[in-house]
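Welcome, and please open your viewer. We will go from one selection to the next and look at what is there.

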Amino acid sequence: MPGDEARAPAATSATTSKTPTATTTTAATTTALARAEQFIWLTARVLEQRRFAFHFLGGDADPVDTALGAYLGGDGGYGHALDPDLRGPLSHPLHTAHALRVLDGLGRCAGQRVERLCAHLTRVSTPDGALPATAPASGGYPAAPYHPLHDDPPGDLLATGPVVGILHRNRVWHAWLFRATDFCWDRVENLRHWHPYEVQSAVAFLDGVPDRARAAAAADRLGRLVRERGLVVLDPAPQDAYPPVPGLAPGEHLYPYDLARRPESLARGWFTDAELYGSLRFLAGLQQPDGGWPVHRGAWAPGSSLERRPIATLEALLTLRAYGRLPAAANLPGPAAPR
């Protein structure tokens, strides 16, 4: 695995005469943020508009909280296409993962609401404590073809890993978490055939779980597997040379920034400075003329694609800012440090 020794030379070579001046960089990133703001006001749902205002304009957290509450169901879970790929009012675990990411960004992943949410997760989990990606009995509501609906859906790391990781990082304790954590450890440490999105979920789990030594060891093994199997494009320039990855749409790839969303992520150690910062430059360059970022997964419904782009834009902006590629904002509620 590339360690600090491997990253240091790469950083030196990446900061040669091609590096823009501080004034040029500030002007370019400010313009990028202004273009993204225009895109958000033109196209985003209320929730994404409120999130953008909170994270980048110094807005208050309460309007974000209120907007998120519109997706809350009577069963304590979240529905109504909070994740745009699952339509209809049903509470799906993937919606829960999305809601917790929003609350985590606000620093509000605690209290009675989260207790009720954990009670809901207990009711919908499988016997081994895992969450299925989708709820049973879809009721005929549409969903993306890559989220198949089952009458008795199996437990899935895709939904369970991010939920467990965020709850642990925010020091939430609930009886359900013990079984769900065991499920995640088993999948992360023993799974041999990985879907790329499962790697993202594994990283979300490992970045939050309290046992840091065990998490570091598991991350080291997983990072080696990611590189050996070519699950990530390490150099965006010749990306067409990378073979298609099973489970991704044609032309869809994962890049270092997709896994190491923040510098403190365990996945950061999987990549050299040249690889990571090259991918960040590539990410910044993906901004479209309308100010938003594209969605590379397969398009399956006009509404879903339209709603997904502002979410992708927010994720891109937050990642770029985490690595110092955008101006700091008034609100930077970092997640609680793992215990």
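A nonpolar core is a set of buried Ala, Val, Leu, Ile, Met, Phe, Trp, Tyr and Cys residues joined through side-chain atoms within 4.5 Å. Keep in mind as we go that this model is predicted.

**Stop one: the core.** The largest nonpolar core here has 82 residues. Which of them touch the most other members? Select Leu167, Trp176, Trp194 and Trp270, and you have them. As general background, nonpolar side chains in soluble globular proteins tend to be buried together.

**Stop two: tryptophan 194.** Stay with Trp194 and show what surrounds it. Leaving aside neighbours within four places in sequence, tryptophan 194 is in contact with Leu157, Arg187, Val188, Val199, Ala202, Leu222, Leu225, Arg229 and Leu231.

**Stop three: helices 7 and 8.** Now select residues 157-169 for helix 7 and residues 175-190 for helix 8. Their axes come within 10 Å and cross at roughly 125°. That angle makes helix 7 oblique to helix 8, and their crossing is left-handed. Where do the two helices meet? On the helix 7 side, show Leu157, Thr160, Gly161, Val163, Val164, Leu167 and His168. Their partners in helix 8 are Trp176, Leu177, Ala180, Thr181, Phe183, Cys184, Arg187 and Val188.

**Stop four: helices 4 and 5.** Next, select residues 61-69, which are helix 4, and residues 93-106, which are helix 5. Here the axes come within 10 Å and cross at roughly 170°. Helix 4 is therefore roughly antiparallel to helix 5, since angles over 145 degrees count that way. The crossing of this pair is left-handed. Show Ala61, Val64, Asp65 and Leu68 in helix 4, which meet Ala99, Val102, Leu103 and Leu106 in helix 5. By class, the contact holds seven nonpolar residues, no polar ones and one charged.

**Last stop: tyrosine 323.** Move to the segment after helix 13 (302-322), where tyrosine 323 lies. Is tyrosine 323 buried or exposed? With 10% relative accessibility, tyrosine 323 counts as buried. Not counting residues up to four places away in sequence, tyrosine 323 touches Ala260, Arg261, Arg262, Pro263, Arg268, Leu276, Tyr277 and Leu280.

Notes:
Residues numbered from 1 in each chain as written. Predicted model: local features only at pLDDT ≥ 70, side-chain atom pairs only at ≥ 80, totals over all residues. Heavy atoms only, no water. Axes fitted to C-alpha atoms, helices over the stretch in contact; angles between N-to-C directions. Helix = DSSP H or I, 4+ residues; strand = E, 2+ residues; numbered from the N terminus. Parallel < 35°, antiparallel > 145°, perpendicular 65-115°, else oblique. Left-handed = near helix turned anticlockwise from the far one by under 90°. Contact = heavy atoms within 4.5 Å. Buried < 20%, exposed > 50% of the residue type's maximum accessible area, 1.4 Å probe, protein only. Nonpolar A, V, L, I, M, F, W, Y, C, P; charged D, E, K, R; others polar.
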